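Student: I would like to go through this structure step by step. Please begin with the strands.

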Amino acid sequence: MKLYCLSGHPTLPCNVLKFKSTTIMLDCGLDTTAALYFLPLPLVHSPRLSKLPGWVSKDGAINLEKELKECSGRVFVDSQPEFCLPEKELLDLSTIDVILISNYHCMMALPYITEHTGFTGTVYATEPTLQIGRLLMEELVTFMERVPKAQAATCWKNKEIQRLLPGPLKDAVDVWSWRKCYSVQEVNSALSKVQLVGYSQKVELFGAVQVTPLSSGYSLGSSNWIIQSHYEKVSYVSGSSLLTTHPQPMEQSSLKNSDVLILTGLTQIPTANPDGMLGEFCSNLSMTIRAGGNVLVPCYSSGVIYDLLECLYQFMDSANLGSTPFYFISPVANSSLEFSQIFAEWLCQNKQSKVYLPEPPFPHAELIQTNKLKHYPSIHGDFSSEFRQPCVVFTGHPSLRFGDVVHFMELWGKSSLNTIIFTEPDFSYLDALAPYQPLAMKCVYCPIDTRLNFHQVSKLLKDIQPLHVVCPEPYTQPPPAQPHRSDLMLELQPPPMSYRRCSVLGLPFRRRYERIHLLPELARSLVPSEIKAGVSVATVSAVLQSKDNKHVLQPVPKPAPVPPSKKRKRVMEEPPEVLNPKPLLSGAVPLEPFLATLHKNGITEVKVEETADGHILHLQTEDVLIQLEEDATHIICDNNEPLRTALRDLVLRFLQKL
Amino acid sequence: MDSDCLSLLPAVCLVLADPKQSPPDDTSLEKLLDWFKELHIQSNGQVLLQHQPCLLEFISSVCTSKTTDPAIISFTLKFTGLLAATKQGFNLLEEGDLLLCAFEREACYVCDLWEDASVRSGWLQGLLNMLKHQNALDFICGNGLIKVVLQLQNDRSLFVASLANQLLVHILNFLTSLNMTNGSDAVGSSVSSLRSDWVSVSSEIMNAVVEALRSEDHPRVLLGLRLLSLVLSQCGEPIRSTLWKDVLVPLEVLINRGSESLTQTLMTVLQAAVRTSLLGQSEYKVEELLEAMLGDGNRKGVFSFSLSLSFSPEISKRKATGIILLPLQCVSTQPQTEVETNLVLNEQLSQKALCISLLMQSLSSLAELAHTKYLFEDISIHSITSSVVLLLRMCSGHYPSSLLHINASIHLIGCCKVQRCGLDTLGALSFYEENVDLRKDIFDVLLDFLQSPDSHATVLKKTFQATVRWIAVCSPFPDLLQFISHDLFPVLEKRMWDLRWEVRDSTLEFITQLTAALNGNSGFTEALHTSGMVSVLLSSLADTEGYVRASAVAAVGEAVTASFHQATLERNSNLLEKALTQMMIVLSQDTEVFPRRAVVKAFTSWLKGSHPLTALDSSLSSVLSLGGNDFDWEVKMHTLELAEVLMEKTLTCCPYMQNVDFSEKTCLTQALSRLKDFGLFDLLFNSLFDCDRPVCEKACALLVRLRTLTAETADLDHSALVLNVCGNRWGDEVQRRYLKKQQAKASVCATDGATGSDERTDSELHCIKDISLPTILQILDLNDMQRMLMLSSDHVVNSPQSLMEDILSAAQQSEENIVDCY
């Protein structure tokens, strides 16, 4: 059993598990942090961004004026943003049988994997994962296609040149695997390969293994997966949460008794407690609004935003900010808000029960009804005429490199009354803000990451007791910034196996058993004999048939009476000759009775020598050695076959025949 | 004694002695006993017994009956003891052989009743009640009851065992006190000076203690130790020293054995010994035992012991302090050879639960020492304070560069318990002036807690408390204002929009305290007003949570008070105006009581202030009328307090008290009519007839004061103080009483023969609308009202008479009750 690690990112995993005869890809996350090296894509013409000076090395030897621009003291790539793909060279992606998706954030690289690689398999995901994943992909595509860039910058990626570039571009890794965004057609084609599954549904893969998604509590439809055969069980835990937010709670008990647990998707900000951050978010928002400023919340169009809106729904009234408008701007804003209301069965119990009242599960429906929350596909169109300040704007993309957020950064960045509140933990907020410096607007970092923290995960592992744990390398050491925090790492016994990008791990357990079925007529023919109380054995002579990873023992076909007429029958087709097998022996040869028997048969001079495994009997007159061991008996007798046979028969007297 | 009660007594005795009746509940019996106790104190037992032969009959019938309920037996034993507490009572009971019948050893065992713990406890309590004179002691000693008491020391019921201990101590004490008539409380006076039969009693008890301490049986040792510590703390000489001499050897053995389960009890014994005159004398070895007990601080449980050594000799105290500080130092200082040797402590600190509890003990002990401003000798207060600061930093995940206890520090991250305890201690350390040098570090760590999004609401509360203390101490330093306006105010502003109402509430409370603590500091007031905090406070008046609104009212009130000192009047008057408007809205419209109470309190504190506020005058009458008509009795009480202050302020402004002349008389009239304009009299009279007793009581007291004042000033201008008595509740009452009085007067006149005026008065009364204030005060029988109001509201139901009636009626109706139930 092997694990191929195609991504080193702990929360955007992409691993391939070879288990029995199947090749299973676990998630295909897309690392979008590479976009931070690129210039923002402004929706509205920005004089500032369009007049940036190109970069030329100090000695003038390298001139990349067209590709690289200097902005706020840093150098950015002026091209359509690119993303870091999972490793494609580690194994042949066309051999992948299935892809299991755990949540909509971990499927963004799907088109890169399923298209143009010869992939012919199936993708398994839950319905919300598929639908919201589609929204996020479409949003990404729209963001990119709305602001087309004619050129693609590649010269800077040249190793010799990159080496000479200023940081952080100089230190960017795997730049050749970066790719620009996919197209809508690729999205559609990729998603057409998805087969929907429900929680706890058992899916057979070629009869060899069974995969089952379990609720993971992190987002709508998010799942952990169990991959098991009759005798082995691998659990894949990715992006799980034990907090009470909108999704169904995490199912833990089914993860018990795993041979291997692959653990990914823990919280990215282990020191930030989501409740505390939510409080920070609200109080900062309230302070800004009260002072007459606007609040910008760069966020994904699904996920934490639902909880934020719910929290604000209660908070705004209590803080007397009831009249402040919220704007949610995204090409998929409408669908996201609506979808969240229709996936009732995937929600937490509390929200599910609302459906029967009947009430919409999320209170943002009421915010929309009362006109407190308005959503627009883009800043163009209706929004510009209805826009009222001070307000709160939720919009993407959290990297601040593309999407409507770029416009708001340009619009509000100059006033210290305004505040930008970062809630998504995926990007370093300082890097995200880099091309907008100097910035007058206040900046607050409240990353809300509801995924498991180290404390929760160690409790979980204590509870479910997997034999081995496999996890990304960063989880096995304290965060680099806080080397003393040994509480912010996994400390397990035995220590977890860690992986990084391009690792290939041989998983530490050997398959020892396989289930084989006996056909009834064969079973009927068996003659069991009891060798000790409760244990019977029988010999079986049968033909083993293996088909679709199922193994069946069938009776040996009787040799067909050979019709005399077909003499020219090919030898190959003849049934194998069945010999009557020699009976199997069992039992032990007890020393004293055996010596007595020898004595009775006239062999009196026996010298007994004790060895590590048993005894050696030296029949001195006959010059014969009999070695009695636990699992073997040897009679060493030179050129005296009658004596050997006689001795053998004496030994056999003590053994049972099956 | 109330004759009604006495007439009921025989019947009650019959009911209680009747074995067929189920006994009244325990509370009734206890109440009855209390009443007898009171009677007993008031009169003496003989009188009661002599006049109430039924009592003797009751005792005799209960003691001889074998089917009486244990509760009744227990009651009777206690009661008999109570009656026998006087010599006369004792003799009377003795004559009837009732004492022996009740308390005699054999009598106790006759039936299974002794199995009931309440009987045993009643028996002991009876003896304890009785033990007030020599005869009682002779009775106990003579009948060999000591043995029974000593046995009961081991009783399975904790109450009985503890009562037995108390009785033994009482007996020992009693022996000494009898002896003391001719001796003095000096160590060394010996037991042998006691009467010989009593010597045997005392030595019997003391031997029992020594035997217990020598025993291998753990519970017995514990009992012995408990009795020992009781004797040490409650008995005088010579018992104390004699017993100590006897137990010294087994006690030393126990201490040196170091059994952990005995540590706590041994410590109690030593603590008791430390407080006696045994301490100074070398032959009693108290110091030695203390030293042995403290050991090297490695024994579990010595930490709490160390704390209570405030009476101990200096040396032990220093050692104890050292032990208290050990866990703290161990976690938060550099490795030291001395600390490193303390293996037990190190091991304890690496276990999470133990680590936290040790640190909490260490911190809270330190806080208590700091409250007494204890002088640390071996270690500087700076280093202690720095340790606490460092510990608090570790709690929020900061790591010093080198640490002895990485494990301990991981246990501490985010641990609310240690955080709260540490913050309390840090606050207490502000008592040491020398710590102000560390104020930067201290304010840094406090600010960290205030800023951290993960700080629990209770931790924030403690942080606020500590911050107020430190700010009060550091107020003379100019850098404080910088800290407040640049660091503290922005954090506070954010906290006022916290999601948790508890946090918003404690933030507002903190601002109130801060403003009060820095009252008169013009720099602070300036900062408070320029930072925009005041407008945030004003908007908090509309918070969704009632408690928060109440705190906001208090904070705004304090901010307004602070602004009185400020010269910039224009802005302040603006603030006052805004505050007044909003507060009146709260008082008239808020649905919860806390904000309304707070508003009235704010007005009271404004009025109390030394700065006269003319702006208040316009609102005062509305406050008095709204507050007086509130549904909440506490709002009404606060309004009356406001009225009291208003009265004081208005009436003392005229110096009529010194020497009354014409102008001052006018002044009083003016002052009273000013109060009338405020509607104060309406409030007082309304409240006088309120449904809540405390409100009436308060109003009555104020009116009595007014009456005295008006009575003292003879020729007050009544015409200026005329009140309209029509159309309100109190007016009707006044009218009714006025009428009654006039009629009484008239009838007196009639008997005197002056009938002619009768008709005129009647007709006058029906149309009377205006009565002057002094007249009203005279009409109302305020003294009588005050007397009635001072009786507690349950004085009728609480009387012994009603208790006995209850017992009787319960006995009569018991059968019906059973039927009723189904």
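Student: Which residue stands opposite A:K2 in β24(A)?
Tutor: In this predicted model, strand β1 (residues 2–5) of chain A runs antiparallel to β24(A), and 3 bridges join them. Strands here are DSSP runs of E with at least two residues, numbered from the N terminus, and two strands pair if DSSP finds at least two bridges between them. In β24(A), the residue opposite A:K2 is A:G506.

Student: Which are the edge strands of the open sheet of 7 strands in chain A?
Tutor: The order in this sheet is β10-β8-β7-β3-β2-β1-β24, with mixed pairing. Each edge strand pairs on one side only. The edge strands are β10 (194–196) and β24 (504–506) of chain A.

Student: Why is one side of β25 and of β28 of chain A left without a neighbour in the sheet?
Tutor: These strands belong to an open sheet of 3 strands in chain A with the order β25-β29-β28. β25 (516–518) and β28 (542–547) stand at the edges, so each has a single partner strand.

Student: What is the bridge partner of A:I516 in β29(A)?
Tutor: β25(A) and strand β29 (residues 550–555) of chain A run parallel, joined by 3 bridges. In β29(A), the partner of A:I516 is A:H551.

Student: Which residue in the turn between β4(A) and β5(A) has a positive phi?
Tutor: Strand β4 (residues 68–71) and strand β5 (residues 74–77) of chain A run antiparallel with 4 bridges, and A:K69 stands opposite A:F76. The two strands form a hairpin with 2 residues between them. The residue with a positive phi, about 50 degrees, is A:S72.

Student: How many Å separate the centres of domain 2 and domain 3 of chain B?
Tutor: The bounds come from an automatic or database domain assignment. Domain 2 covers 149–179 + 197–293 and domain 3 covers 722–743 + 766–809 of chain B. Taken over C-alpha atoms, the separation of their centres is 60 Å.

Student: How many contacts does the model have for residues 182–189 of chain B beyond four places in sequence?
Tutor: pLDDT is the predictor's confidence in each residue, from 0 to 100, and over this stretch it stays under 50. Contact means heavy atoms within 4.5 Å. The number of contacts is 12.

Student: What conventions apply here?
Tutor: Residues are numbered from 1 along each chain as its sequence is written, and chains are lettered from A and ligands numbered from 1 in the order in which they are written. Local features need pLDDT of at least 70, side-chain atom pairs count only at pLDDT 80 or more, totals for chains, interfaces and linings use all residues, and side-chain values use heavy atoms, with hydrogens and water left out.
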